[in-house]
Amino acid sequence: MAAAARTARLAPRLAAISRPAIARAGVSSVAQRAAFSVSARHMKSEVIKETEVPVSIYSPDSKGIASANSDHFSIPVKKGAASAPEPIAEEEDAVVPLQDKVFNQMPRTLQKMSVMGKVIIITGGARGLGNHMARACAEAGAKAIAIFDANQDLGDESAAELHQKTGLPVSFFKVDVRDGNAINAAVQNVVDLYGTPDVLVNSAGIADSNIKAETYDPAMFRRLIDINLTGSFLMSQSVGRAMMAAGKPGSIVLVASMSGSIVNYPQEQSCYNASKAGVIQLGKSLAAEWAKHSIRVNCISPGYMDTALNKVPALDAQKKIWKSLTPQDRLGAVDDLNGLCVFLASDASGFMTGSNVIIDGGYTLY
């Protein structure tokens, strides 16, 4: 009976606690909302205008051991709009390869992001984006680099220059990526010279643009498809077979284009777009087939790049439109693919295959 009496006395209190706050407030709910709005407005205006920014810096001692000592100071805050950043000085043309001593001192994560000791084949490496990716691979620790290109003079010159700047073994093979027999012979020679390739970067390709589909020459269509798509397949097939024969894992990087995923504006280029869409799907399909051989296949899809091919007065008007449609308001620099290329070639991307990575300054966001 006593328990029942206590429950009866507590019932009104329990009911009050269980009711929503607004219901308990009754007519005061409007006042609460008003108070909240005033409070929110007040909070938004409470921006502390600092005249100085306190800084605390904790640095290791001379032996690299964490220290209890710290440095405290303040930096002044300038009023007004932020000043424009200083222009970045043009980088030197030096190519400094990663040395064993430096590699051994690097943390494990950075070691995995290198291509230390790898044999790398790069098509289209005589100039442009392919040549800059070849330089990046040299800097990232490649054991040897083989450049495949159809241009004899440029290919010889580029290979000699890269060798002279780095001291690395560099070879040039005059190969048309449409010629399967020539590709097979060249790949076998790379195996004989340096060992089975670890990486293929297929950058060879051409672009036909500003040609209406209704007037497009079918012979031009076949040529572009043969170089961009068939060439990607023949190179991947030959290098992939060499990797399988050696029982060696590897990475194949196909250079596609954002044009394989979107339709460009304002120029007409249906054939180019179709060829690069084919490269992306080829990469995914090969990745699925060859995963059991520990061969990874990924695609890089660049946006508009500021290469020599685009530096012609006839394209100036279109380049303004391209930039205006790109959130970063610029074309890609010739070395903007380097980091992604090295990453996909490296063991750091070991669990990554069948991906198409778009690197376009944000163009495809719109």
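**Helix packing and a few local spots**

Mentor: Start with helix H9 (residues 218–246) and helix H10 (residues 270–290), which pack at an angle of about 15 degrees with their axes 9 Å apart. The axes are lines fitted to C-alpha atoms, for helices over the stretch in contact, and angles run from 0 to 180 degrees between N-to-C directions. This is a predicted model, where local features need pLDDT of at least 70, side-chain atom pairs count only at pLDDT 80 or more, and totals for chains, interfaces and linings use all residues. Residues are numbered from 1 along each chain as its sequence is written, and side-chain values use heavy atoms, with hydrogens and water left out.

Trainee: How do H9 and H10 run, roughly parallel or roughly antiparallel?
Mentor: H9 and H10 are roughly parallel to each other. Angles under 35 degrees count as roughly parallel, over 145 as roughly antiparallel, 65 to 115 as roughly perpendicular and the rest as oblique.

Trainee: And which residues of H9 and H10 meet?
Mentor: From H9, the residues include Phe221, Leu224, Phe233 and Met244. H10 brings residues including Tyr272, Val279, Leu286 and Trp290. By class, the contact of H9 with H10 has 12 nonpolar, seven polar and one charged residues. Contact means heavy atoms within 4.5 Å. Ala, Val, Leu, Ile, Met, Phe, Trp, Tyr, Cys and Pro count as nonpolar, Asp, Glu, Lys and Arg as charged, and the others, Gly among them, as polar.

Trainee: What about H6 and H7, how do their axes cross?
Mentor: The axes of helix H6 (residues 128–139) and helix H7 (residues 152–166) come within 11 Å and cross at roughly 25 degrees. H6 and H7 are therefore roughly parallel to each other. That contact divides into three nonpolar, three polar and three charged residues. Arg135 is among the H6 residues there, and Glu161 and Lys165 are among those of H7.

Trainee: Zooming out, how many helices and strands does the protein have?
Mentor: There are 12 helices and nine strands. These are DSSP runs, H or I of at least four residues for helices and E of at least two for strands, numbered from the N terminus. Of the 366 residues, 37% count as buried.

Trainee: New topic: Val119, buried or exposed?
Mentor: Val119 counts as buried, at 2% relative accessibility. Buried means under 20% relative accessible area, exposed over 50%, partly exposed in between, using a 1.4 Å probe and protein chains only. Val119 lies in strand S3 (residues 119–123).

Trainee: Which residues is Val119 in contact with, leaving aside neighbours within four places in sequence?
Mentor: Among them are Lys143, Val190, Tyr194 and Val199.

Trainee: Where's the cis peptide bond?
Mentor: The bond from Tyr265 to Pro266 is cis, with omega near 10 degrees. Pro266 is in the loop between strand S7 (250–255) and H10.

Trainee: And what is phi for Asn210 and for Asp329?
Mentor: Phi of Asn210 is near 60 degrees, a positive value in a residue other than glycine. Asn210 sits in the loop between S6 and H9, and is partly exposed with a relative accessible area of 38%. For Asp329, phi is near 55 degrees, again positive in a residue other than glycine. Asp329 is in the loop between helix H11 (316–324) and helix H12 (338–345).
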